[in-house]
Amino acid sequence: MPRCTGPNRFLTGVLMVLMSLTAAGSAAGQGISLDERLRLLAQAYPSTVAEIDGKEVVFKSGARLEVDDGQEKSHAEKLVGADIEDMLSQVYPIGRCYDGAGPARNVDPGRIRNETFFRQVYGNSRRAVEKNLVVLPWFKSKLRVTRKHGVDAALSRVAKDLAELPAKYRRFFETTSGGHNWRTIAGTKRLSVHSFGAAVDLNIKFADYWRWAGGKPGNVPRYRNKIPQAMVEVFERHGFIWGGKWYHFDTMHFEFRPELIAIARLSEARGCQH
Ligand SMILES: [Zn+2]
């Protein structure tokens with residue numbers, strides 16, 4: 001029998017075009033408008049953000065921050081100089097929106113951050129942040145985190161739910177590698193979210209990190225993870241994103257990003273249209 005390669009080849013071509021369109025749409029963050037994302041951002045930090053006024057975020061302090069600087073940026077440029085629009089450009093995947101495979105190249109939802117926004121939300125200096133820190137009991141250790149925007153209360157709820165998980169998971173989270181720590185992200189001049197007391201690193205013994213795996217910025221050789229999905233779901237339920245869903249993965253890292261979880265839930269409700 002002759003092999004019918006023509007139509008197959010045609011269909012493969014169509015499929016590849018469709019797949020590339022889907023990937024491009026996902027990367028560009030289509031499906032949920034910028035206005036909707038901004039509304040969810042304002043709702044996530046109600047005691048700090050007064051409103052989104054046209055093209056600016058207006059803070060209760062009176063400060064204003066441009067939403068879109070109009071610059072087209074590469075992924076690397078977004079990481080260094082993100083505006084608010086860049087910060088919300090990638091949809092963090094939760095629930096049905098997560099296919100379990102390692103993230104595609106430069107899919108880093110939550111890793112693109114505007115530092116000025118975080119300084120407005122949590123404190124513009126080490127001293128200003130420290131005024132709002134509390135010490136939270138955390139299984140076999142303690143965590144220093146901010147009480148701003150209910151980060152401490154959210155983490156208490158996380159701890160309560162983690163305690164309900166089967167005992168085999170305990171070794172992953174009973175000890176931590178730190179909450180608040182005023183420091184820059186390794187290899188950069190940008191402040192880590194740990195600086196604001198809004199991120200937690202769990203047991204370093206089970207951590208996988210893109211730099212340790214031989215990765216270079218923009219080129220990570222292979223994804224690795226030991227953190228169980230059940231734990232990730234607990235953190236996400238209470239407003240935290242996980243660094244294990246980044247191309248530049250950091251699997252012990254969880255940070256409070258209620259705006260990204262809200263956008264993710266809207267995406268999931270709409271059938272995961274990123
Ligand atoms: Zn961390």
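This is a predicted model: local features need pLDDT of at least 70, side-chain atom pairs count only at pLDDT 80 or more; totals for chains, interfaces and linings use all residues.
Two bridges join strand 6 to strand 7 (residues 199–202), and the two strands run antiparallel. Two strands are said to pair if DSSP finds at least two bridges between them. Strands themselves are DSSP runs (E, at least two residues), as helices are (H or I, at least four residues), and both are numbered from the N terminus.

Residues are numbered from 1 along each chain as its sequence is written, and side-chain values use heavy atoms, with hydrogens and water left out.

Contact here means heavy atoms within 4.5 Å.

Which residues coordinate the zinc ion? They are H194 through NE2, D201 through OD and H253 through ND1, at 2.0 to 2.1 Å. Donors are N, O and S atoms within 2.8 Å of the metal (3.2 Å for Na, K and Ca), and since water is not among the atoms, sites may look incomplete. Along the sequence, the donor residues follow the spacing H-x6-D-x51-H. Distant parts of the chain are linked here: D201 belongs to strand 7 and H253 to strand 9, 52 residues apart.

Are D201 and H253 buried or exposed? Buried means under 20% relative accessible area, exposed means over 50%, and partly exposed lies in between (1.4 Å probe, protein chains only). D201 has 6% relative accessibility and therefore counts as buried. H253 has a relative accessible area of 5%, so H253 is buried.

Next, the second largest pocket. Its volume is about 370 Å³. A pocket is found on a 1 Å grid over the protein atoms alone: it is an open set of points with protein on both sides within 12 Å along at least five of seven lines, whereas in a cavity a 1.4 Å probe fits but cannot get out; lining residues have an atom within 4 Å of a point. Grid points are joined across faces, edges and corners, and the volume is the space filled by probe spheres set on the points. Of the 25 residues that line this pocket, R183, H194, Y209, D250 and H253 are the closest to its centre. Strand 6 and strand 9 are the elements that give two or more residues to the lining.

Two residues deserve a remark on their backbone. Most residues other than glycine have a negative phi. F139, however, has a positive phi near 50° and is found in the loop between strand 4 (133–138) and strand 5 (141–146). With a relative accessible area of 29%, F139 is partly exposed. H149 also has a positive phi, near 60°, and lies in the loop between strand 5 and helix 7. H149 counts as buried because its relative accessibility is 17%.

There is also an open sheet of three strands, in the order 1-2-3, with antiparallel pairing. Strand 1 and strand 3 (64–66) are its edge strands, each pairing on one side only. Four bridges hold the antiparallel pair of strand 1 (residues 49–53) and strand 2 (residues 56–59).

Finally, the chain as a whole. It has ten helices and nine strands, and 50% of its 274 residues count as buried. Of the contacts between residues at least 6 apart in sequence, 63% join residues at least 24 apart.
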